[in-house]
Amino acid sequence: MSEDLLFQNEIKEAVRSAYEHIDHGGGDPVADRLYTRDQLSRIPPGAIRWALGVGNPVVHAELQPGETVLDLGSGGGIDTILAAHEVGPTGRAIGVDLLPEMVERASANARR
Amino acid sequence: MPPRTRAGEHRPFGIKQAAIFPLFTDEVIKLMRELIPAERADAVAISVIAKGRKPA
């Protein structure tokens, strides 16, 4: 157990530092590669700009209205927002991220 | 009985795909091109989306 936790703080700091150094987004080509045109048409440009993931989980999740989704590492919010569209007003989509500035971006994008 | 977990997507990532991600700096991409053999350049990583459901 103690070996599993070894370097955990260092790893967290390395991840935090890597994402903090991205100050301009730049996720548009990432989003173009991973998401469908229909999905992107429903997303604010700010969430597309900060799409830094490596997959499109919502397209596989078969979400239903009323369900609750937890997006761990939600970044700019693209997957959280897409999930919110799927689960509708009776459901919930919750985004969680290590960086407060990402949470602020996602919140602003969700309000648009 | 349907499986409780299954893989929804396997998406290979090569150096070209890594280069579109802002996380990978030009220096890192240059290093990847120098160190990774050409035959491995198109799939240096694989993104997997897996689904699981709790049994009823």
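Keep in mind that the model is predicted.

I will start with chain B. Chain B contains 2 helices and 2 strands, and along the sequence they come in the order β-α-α-β. Its radius of gyration is 16 Å, well over the 10 Å that the globule rule gives for 56 residues, so chain B is more spread out than a compact globule. Along the principal axes, its C-alpha atoms fill a box of roughly 50 × 25 × 15 Å. Of the 56 residues, 25% count as buried.

Next, charge. Chain B carries 10 positive and 6 negative side chains. The centres of those two sets lie 18 Å apart.

Now to salt bridges. Side chains of opposite charge can pair when their charged atoms come close. Over all chains, the count comes to 7 salt bridges. One of them is in chain B, where B:Glu9 meets B:Arg11 at 3.2 Å, N to O. Are these two residues buried or exposed? Both B:Glu9 and B:Arg11 are buried.

In chain A, a network of salt bridges links A:Asp38, A:Arg42 and A:Glu86. Between A:Arg42 and A:Asp38, the closest N and O atoms are 3.7 Å apart. Between A:Glu86 and A:Arg42, the closest N and O atoms are 3.5 Å apart. A:Arg42 is partly exposed, at a relative accessible area of 31%, and A:Glu86 is partly exposed with a value of 31%.

Technical notes. Residues numbered from 1 in each chain as written. Chains lettered and ligands numbered in written order. Predicted model: local features only at pLDDT ≥ 70, side-chain atom pairs only at ≥ 80, totals over all residues. Heavy atoms only, no water. Helix = DSSP H or I, 4+ residues; strand = E, 2+ residues; numbered from the N terminus. Rg over C-alpha atoms; globule rule 2.2 N^0.38 Å. Buried < 20%, exposed > 50% of the residue type's maximum accessible area, 1.4 Å probe, protein only. Lys, Arg positive; Asp, Glu negative; His and termini not counted. Charge placed at Lys NZ, Arg CZ, Asp CG, Glu CD. Salt bridge = Lys/Arg side-chain N within 4 Å of Asp/Glu carboxyl O.
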